[in-house]
Amino acid sequence: MKPTLLITGGNGFIGRTLTNKLLQEGFNVRIVTRKLPKTQPANPAVTLVQADYSDVSSLQKAMQGCVGVFHLAAAIFAFNRQGFEKANVIHTQNVVKAVNNTPEITTFIHVSSLAASGFASDVEHPRTEDMTPTPVSDYGRTKLGGENAVKTLRPGVKWTIIRPPIVYGKNDSGVSKIATWVKRGLMINTSGNGMFSFVHVDDLVEALWQAYNRPETAQETYFITEPDVYSWDYFITEMACAMHCNKPFMPSAPKWLMKATAFGYETCARLTGTQPALNYDKVTEATIPGHWICSNAKWTKLTGQKFTPLKEGLKKSF
């Protein structure tokens, strides 16, 4: 009988790619969802199970019969600190408590973020795992809180924390929103002169699988990223090239205008019940005097994994 692995956030962009990878490796996959659809997936090796992240017993019931957990569920956008705290800290604490009460689970892989570590003050010194975390946004602070929750897993559970930077790939909702503005030919440059690290979703999922499969990744934290770093202008230029359209006009916006835009997005999102394309928290991250870059040296020294260059990855994505 095939063993079963559970994914929180399995219906998302990364989760769907991870599901395919785990199926290829011979596992059954159980995906936690807040609301069950009318029908289960066509593949009998994939099941959806309803659970409430605010209810530990509900999560524990969903985990019964599973041998490992990939915790992807998180809030990238929220209207305030409390929203981030609930999704990224309290819900992670509850998932951890459920694992602690489920003896058959022996492995836990947690997807965090570069934002939990903070930014690099100069290009020559990207963030590394041994640096003291200094998150600057509510998102980053609460992702760090989620990491701290993972470290309270009971003895006997092998945990690994993965910190990706910007994740992109085919059918990614975030990159798709950017692509819409690229097609329109006009977008505000909200990222200044900073440099950025990127990772293609296929490379991230390969790293998640290796983190699960390799015993030597136990009780460690890793940045998973392409080794090169890029300007936002390069990213947009190569995206336009991959989409076979002209590079958009990208005027820079002062901080006050970005805040005003974020206020407008947040107001519309509250009225429509959707996620804002920009909020105050992202403005904070976008206007820091530094770079959102990290080093993959610790991971590549251990695994030898190769990463997709941004230009090639964007061609794959579009």
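Two strands pair if DSSP finds at least two bridges between them. The views below come from a predicted model.

**View 1. The open sheet of seven strands.** Its strand order is S3-S2-S1-S4-S5-S6-S10, and the pairing is parallel. Strands S3 (46-50) and S10 (220-223) form the edges, each pairing on one side only. Neighbouring strands are turned by 20° against each other on average, direction ignored.

**View 2. Strands S1 and S4, with helices on the sheet.** S1 (residues 4-8) and S4 (residues 66-71) run parallel, joined by five bridges. Within this pair, Leu 6 has Val 69 of S4 as its bridge partner. Helix H1 (residues 13-24) packs on the sheet and touches S1, S2 (28-33), S3 and S4. The direction of H1 makes about 175° with that of S1. Helix H6 (residues 201-213) also packs on the sheet, touching S1, S4, S5 (107-111) and S6 (158-163). The direction of H6 makes about 160° with that of S6.

**View 3. Helix H3 against helix H4.** The axes of H3 (residues 81-100) and H4 (residues 138-150) come within 9 Å. They cross at roughly 10°, so the two helices are roughly parallel to each other. The crossing is right-handed. Contact residues include Phe 84, Asn 88 and Val 96 in H3, and Tyr 139, Gly 145 and Ala 149 in H4. By class, this contact has six nonpolar, six polar and five charged residues.

**View 4. Val 95 in helix H3.** Val 95 has a relative accessible area of 0%, which is under 20%, so this residue counts as buried. Leaving aside neighbours within four places in sequence, Val 95 is in contact with Tyr 53, Leu 59, Met 63, His 71 and Phe 108.

Methods: Residues are numbered from 1 along each chain as its sequence is written. This is a predicted model: local features need pLDDT of at least 70, side-chain atom pairs count only at pLDDT 80 or more; totals for chains, interfaces and linings use all residues. Side-chain values use heavy atoms; hydrogens and water are left out. Axes are lines fitted to C-alpha atoms, for helices over the stretch in contact, and angles run from 0 to 180 degrees between N-to-C directions. Helices (H or I, at least four residues) and strands (E, at least two) are DSSP runs, numbered from the N terminus. Angles under 35 degrees count as roughly parallel, over 145 as roughly antiparallel, 65 to 115 as roughly perpendicular and the rest as oblique. A crossing is left-handed if the near helix is turned anticlockwise from the far one by less than a right angle, and right-handed if clockwise. Contact means heavy atoms within 4.5 Å. Ala, Val, Leu, Ile, Met, Phe, Trp, Tyr, Cys and Pro count as nonpolar, Asp, Glu, Lys and Arg as charged, and the others, Gly among them, as polar. Buried means under 20% relative accessible area, exposed over 50%, partly exposed in between (1.4 Å probe, protein chains only).
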